[in-house]
Structure formats: structure tokens, C-alpha cells
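Here are some notes to read alongside the model. Please keep the sequence and the 3D view open while going through the points.

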Amino acid sequence: MRVLLFASAREAAGNRSVLRISLPPGSTLGDLLAGLRRDYPGMDRILRTARVARNGEYVPPRGEASPLDPSDEIAILPPYSGG
Amino acid sequence: MNEGESTMSVEIRIPTPLRGFTSGAAKVATSGATVGEALSELTRKYGAIQRHLFTEDGRLRNFVIVYVNDEDVRYLQREATPVKPGDVITIIPSIAGGSPGAVAYPALHRSPAPPRTATSTVQKLSPEQMRRYSRHLILPEVGLAGQRKLLASRVLLVGTGGLGSPLALYLAAAGVGTLGLVDFDTVDASNLQRQVLFGTTDVGHPKLEAAERRIRDLNPDVKVVKHDVHLSSENALDIIARYDVVVDGTDNFPTRYLVNDACVLLKKPNVYGSIYRFEGQVSVFDASRGPCYRCLYSQPPPPGLVPSCAEGGVLGLLPGLVGTLQGVEVVKLLLGKGEPLIGRLLLVDALGTTFRELKIRKDPDCVLCGPHATQKSLVDYQEFCGLGTPTILPPELEIEPEDLKSLLDQSAPITLVDVREPGEYEICRLPGSKLIPRNSLAERLGELSTSEDVVVYCKVGGRSADAVKFLQTMGFTKVRTLKGGLDAWAQRVDPSMPTY
């Protein structure tokens with residue numbers, strides 16, 4: 001599936017804005033996030049306050065148990081406050 | 001683009017210039033199997049639109065561009081392009097606005113006549129105002145009634161920086177009658193790269209005075225109310241209560257949560273915009289009709305995790321784009337026209353030139369606007385954002401710039417650690433220093449030895465004090481922070497060092 005990264009999440013992944021990730025069938029959003037935490041050292045701190053959207057819609061809090069589909073597009077959106 | 005709802009028909013989106021022929025409808029549902037069939041159904045329903053879309057021999061006019069979802073049908077099978085339920089057909093008008101040139105298709109502009117208003121109301125605008133606002137007056141969505149609404153409106157801009165600059169300029173030009181400005185800063189030379197409200201001669205002067213001068217010159221109809229304060233839990237409700245719409249163009253998390261909370265408590269719409277390097281977010285938080293900022297981000301990030309514009313940099317044009325989008329939302333809210341960005345977060349990426357939209361829903365557990373809200377008043381936002389007590393170190397953990405200078409002159413064995421970001425390091429640095437940004441310190445601890453004499457520095461001393469505290473917990477015993485950072489160094493030791 002496609003994972004879109006924004007702001008500091010992009011920098012944590014070596015300035016990549018899109019990741020293509022394959023997970024075993026039945027994997028959940030939580031599994032995907034755990035993989036990102038494992039692969040990119042700076043990602044854990046960022047994911048603690050970032051919001052996650054799936055197919056253009058925010059995943060509600062505690063939505064990490066939902067299984068993913070390979071066609072899903074996941075977006076990781078850390079907060080930022082520049083003005 | 002995911003619409004989040006399934007429809008059993010093919011939807012045709014009608015552009016504004018053609019809505020005069022569809023009784024104002026912006027979307028028309030049809031059931032054709034091809035683009036041609038769907039458009040024929042549209043012309044059967046609304047006969048007058050026929051000649052604007054098709055030539056006399058029934059072909060699509062060459063200036064009418066039609067998309068199915070995000071594909072141009074000219075590169076598919078034109079009118080024969082198949083469509084299925086759920087597809088969206090968009091008619092893209094060629095808009096020639098922006099300069100006093102010709103319009104693309106005058107026939108369309110002639111047709112939807114703006115509503116005429118009685119002469120008595122016309123006289124409420126002076127002849128000068130009629131001329132100034134004429135491009136608004138001939139827009140059916142604004143007209144005289146709308147312009148008078150704008151002139152009677154009160155909008156509060158929190159922050160007159162990158163976002164506040166285009167907002168103040170365009171809202172003043174549009175004739176928003178009262179603009180409240182909250183800022184306590186003075187204009188700095190580093191602001192001019194993006195804060196187009198100010199000029200070179202304004203450097204060193206209070207922002208609010210410079211802003212008032214510029215706005216008065218741009219449009220004397222606008223009354224500027226200067227709030228020369230730091231917006232706080234003590235004054236926010238009192239200030240915000242006096243306005244119709246609030247615009248959040250601030251540059252820090254505590255003020256964003258404060259503005260959000262005060263707007264929810266007072267039931268005021270909060271037009272939100274935020275920028276980061278090349279990216280921006282825009283939304284309208286109106287808790288009576290949709291989510292609030294806390295529904296999106298219930299918790300702020302820990303201090304220091306997200307670089308500010310001063311630390312991370314920002315493309316100067318980006319706030320122009322994002323602030324202008326916020327301004328459009330403000331005017332729509334004041335006029336009561338269009339579809340505001342309520343429940344939608346617009347993501348702008350200037351590097352890729354992409355605009356994405358995400359749905360945001362009200363968080364049923366939101367402490368502020370949810371059905372079981374527990375927060376009924378403002379709180380301490382410095383503390384909420386983990387900034388309650390700035391890191392204060394005992395004097396033995398600090399070193400004055402002059403003392404560091406003499407140690408370095410004696411070639412004392414000192415490891416200098418710069419905890420700023422790479423871009424800041426490029427502008428200026430102490431010779432021989434090692435760059436380890438504050439957020440990478442934990443991962444790169446192996447590059448330092450606990451027995452070394454370490455001096456940590458940053459721009460003003462905040463990040464380095466935080467780093468010293470962290471290094472202490474990791475067993476470093478001879479670690480100090482440069483008091484006042486490179487700003488103090490440049491001022492007191494080396495005036496030739498560039499500052500930013």
C-alpha cells in the first residue's frame with residue numbers, strides 16, 4: 001500500500017514523501033505503524049502526536065486494530081504550528 | 001479522490017459561470033453510460049445550457065473541457081468515454097479573470113444577471129465605495145448586500161506574521177470593515193522574506209503600527225483595532241468576543257490551542273492555517289457545525305519536536321498561498337456563501353504542487369466540543385504544551401560567551417556541540433563545532449564521550465539547555481550550555497558573525 005508522509009514524518013524517513021509497503025494479509029494499521037517505528041528511528045516520537053488518515057479520512061483514536069487492504073492509502077500527519 | 005459516500009448515479013459538477021442555467025445547482029445527478037449520454041441528460045433537464053456546451057452540429061465546444069474523475073476525456077474517448085455509477089464528470093470552464101483582458105466566453109458572462117437592489121440601498125455606499133468595490137458588486141454572490149455585510153463585519157487576526165500579512169492585506173482590500181490585529185512584536189529584517197504587510201523602512205518598528213499605516217493607505221474604509229498584547233487565558237475571551245470570525249495565523253502551539261478553545265467556548269468560527277517548510281494546512285473549525293482543532297490534534301507535540309519557522313525555515317511564498325486560502329474562507333463565512341472548509345482539512349504541498357483534502361470528524365471524546373466535554377473554561381496553555389517551566393539550569397551548567405572565548409583562545413580541550421538544524425549551521429557556527437541537532441542527540445550519543453568537556457550551544461540557549469539536561473541524565477558530568485546562544489556570542493564576542 002501507499003503511505004504518504006508529511007512534515008517531520010517525511011524528514012524522519014529520509015525526506016521521502018511516499019513509501020510503498022507490503023504487509024502480510026490480515027495486517028492492521030497498528031502493524032504498519034510498528035513497522036515504521038522499527039525502520040525509522042525518529043518515527044516513534046513523531047507518531048505519538050501525529051494523526052493518521054486512511055483513504056482520505058481520519059482514523060479515529062483507537063482505530064489501529066482495523067485490518068488494512070493492499071489498495072489503502074495511509075497518510076501520516078504530524079502537527080505543526082508555523083505562521 | 002475518495003468522496004466517502006457512494007452514489008448510484010453519475011454526478012455532473014457544474015462550474016459557477018454555468019449555474020445560471022441549472023437553477024443554481026452545483027451538482028446534477030444523471031444516469032448515462034457514457035459522457036455524451038450524461039451530458040445529453042443534463043441538456044434535456046436544463047435546455048438553456050445546450051448551446052454553451054455543444055456546437056450546432058452537436059459536438060462539444062472546443063473550449064469546454066470535460067473530466068471524468070481526474071482524467072481529461074479528450075485523452076480518453078471524448079463523448080464516448082464510458083462512465084459508471086459513482087463517477088464524477090466535471091465541466092472545467094476557462095476563466096480569464098485576473099487582468100482587465102477579454103473573457104473566454106462572453107456569452108456565459110452575459111447570462112446570469114446579478115440581482116438588482118433597490119436604489120435606496122444603493123445609496124448606502126458612497127460613489128467612491130461603488131468604484132472601489134465594483135468587481136464585488138457585480139458578483140451575484142457578493143453584490144451590494146454582501147459588500148455592506150463585509151463592511152459591517154469584524155474579523156480578528158491572531159498574529160500578523162507570514163499568514164497574517166496576506167490576510168490583513170486582502171481582507172482590508174475586500175472591505176472587511178473592522179480588522180482586529182493581535183501582535184506584540186516589532187518588524188525584524190528576517191520577516192520581510194514573507195511578511196508582505198511590512199516594508200524595509202518598517203524594520204525595528206512595532207508591527208501593529210506599521211500594519212495600521214499600510215492598511216489605512218490600502219483602504220481607508222477599514223478600521224484597525226490594535227491589540228498590542230500577548231494573547232493569554234486572561235484576555236482571550238474578552239478580545240475574541242468582540243469579533244464575528246477569528247483567524248488563527250499564530251506561530252506556536254500554546255496560542256493555537258488557546259484560540260481554538262476560546263472560539264469553541266464563545267461559538268465563534270476559527271479559520272485555521274499552519275505552515276511548515278513547503279507544506280500547509282487549512283481548515284475551518286466551527287464546533288457548532290463540525291470538529292475543532294482538538295478533534296484533529298488532541299495533544300500538542302512535546303516541546304522541541306517540531307521546528308518553528310525560525311528553526312526549520314519556510315518558503316516565503318507559502319504563507320501567501322495558505323494565508324490567502326484562509327482569507328477566502330473568512331469572506332465566504334461572512335457572506336454566508338459557498339461551502340466552507342468545515343470538517344475538511346486541506347493539505348497544501350508546494351514542492352509537489354498538490355492539494356489534498358481529508359475528512360475530519362468531530363471526536364466523540366473531545367474534551368472541549370464532544371458530547372461529554374469536561375473542559376468548560378480556558379486552561380494554562382504553556383503548561384498544556386509542556387512549556388510551563390522553561391529549562392532553567394544552575395549557573396555551574398552555563399558558560400558566558402566571554403568565558404568560552406578565553407577558553408578557546410587558550411586551546412582548552414573542549415568539544416563544541418551545535419544542537420541546531422543543518423540550515424542554521426550553514427549560516428553561522430563556532431569553528432570546530434560538531435553538528436548534532438537536538439532531535440538526533442539520543443541516536444548519536446555514541447559520537448560523544450561522557451568524560452569530555454562539552455559545551456553545547458544553539459541560537460538563543462533554549463535547545464542547548466534542554467540538551468544539557470538530557471546529557472546529564474545520560475551520565476555526562478562536564479557539560480555546559482553557552483548562555484544566550486550564538487545571538488549573545490555575535491553581540492558580545494564576534495560582531496562579524498551573521499545572525500538570523
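**Notes on the predicted model**

1. B:N69 sits in the loop that joins strand 3 (65-68) and strand 4 (71-72) of chain B. The model is predicted, and in it the phi angle of B:N69 is near 50 degrees, a positive value in a residue other than glycine. B:N69 counts as partly exposed because its relative accessibility is 40%, and the partly exposed class lies between under 20% for buried and over 50% for exposed.

2. A:N15 belongs to the loop between helix 1 (7-12) and strand 2 (18-20) of chain A. Its phi is near 60 degrees, again positive in a residue that is not glycine. Is A:N15 buried or exposed? With a relative accessibility of 60%, A:N15 is classed as exposed.

3. B:T81 is also a loop residue, placed between strand 4 and strand 5 (88-92) of chain B. A polar atom of its side chain lies 2.6 Å from the backbone oxygen of B:R78. Apart from neighbours within four places in sequence, B:T81 touches B:A33, B:T34, B:V35, B:V68, B:V73 and B:L76.

4. Now chain B as a whole. Chain B contains 19 helices and 18 strands, and its C-alpha trace spans about 90 × 55 × 50 Å along the principal axes. Of its 500 residues, 48% are buried. Among contacts in chain B with a separation of 6 or more, 65% join residues 24 or more positions apart.

5. The domain assignment divides chain B into domain 1 (7-93), domain 2 (100-118 + 153-384) and domain 3 (395-492). How far apart do the C-alpha centres of domain 1 and domain 3 of chain B lie? The distance between these two centres is 64 Å.

6. Next comes an open sheet of chain B. Five strands make up this sheet, in the order 14-18-17-15-16, and their pairing is parallel. Strand 14 (398-399) and strand 16 (434-435) of chain B are the edge strands: each has a single partner, so one side of each has no neighbour in the sheet. Strand 15 (residues 415-418) and strand 17 (residues 454-457) of chain B are joined in parallel by four bridges. One residue pair to look for is B:D418 with its bridge partner B:Y457 in strand 17 of chain B. Helix 18 (residues 462-473) of chain B packs on the sheet and touches strand 17 and strand 18 (479-482) of chain B. The direction of helix 18 makes about 175 degrees with that of strand 18 of chain B.

7. Antiparallel pairing can be seen around strand 12 of chain B. Strand 11 (residues 279-285) of chain B pairs with strand 12 over four bridges in the antiparallel sense, and B:V282 stands opposite B:L346. Strand 12 and strand 13 (residues 354-359) of chain B are antiparallel too, with six bridges; here B:L345 faces B:L358 as its opposite residue. The hairpin of strands 12 and 13 of chain B has four residues between the strands, and B:T353 there takes a positive phi near 45 degrees.

8. Leaving aside neighbours within four places in sequence, A:L77 is in contact with residues of chain A, among them A:F6 and A:Y58, and with B:Q281, B:Y297, B:L347 and B:L358.

9. The last point concerns B:A262, a residue of helix 11 (residues 253-266) of chain B. B:A262 is buried, with a relative accessible area of 0%. Not counting residues up to four places away in sequence, it touches B:A236, B:L237, B:I240 and B:L378. B:A262 and B:K376 are 114 residues apart in sequence, while their C-alpha atoms are 9.9 Å apart in space.

Note on methods. Residues are numbered from 1 along each chain as its sequence is written. Chains are lettered from A and ligands numbered from 1 in the order in which they are written. This is a predicted model: local features need pLDDT of at least 70, side-chain atom pairs count only at pLDDT 80 or more; totals for chains, interfaces and linings use all residues. Side-chain values use heavy atoms; hydrogens and water are left out. Two strands pair if DSSP finds at least two bridges between them. Helices (H or I, at least four residues) and strands (E, at least two) are DSSP runs, numbered from the N terminus. Contact means heavy atoms within 4.5 Å. Axes are lines fitted to C-alpha atoms, for helices over the stretch in contact, and angles run from 0 to 180 degrees between N-to-C directions. Buried means under 20% relative accessible area, exposed over 50%, partly exposed in between (1.4 Å probe, protein chains only). Domain bounds come from an automatic or database domain assignment. A polar contact is a pair of N or O atoms within 3.5 Å; within protein, one must be able to donate a hydrogen and the other to accept it, and residues adjacent in sequence count only if both atoms are side-chain atoms.
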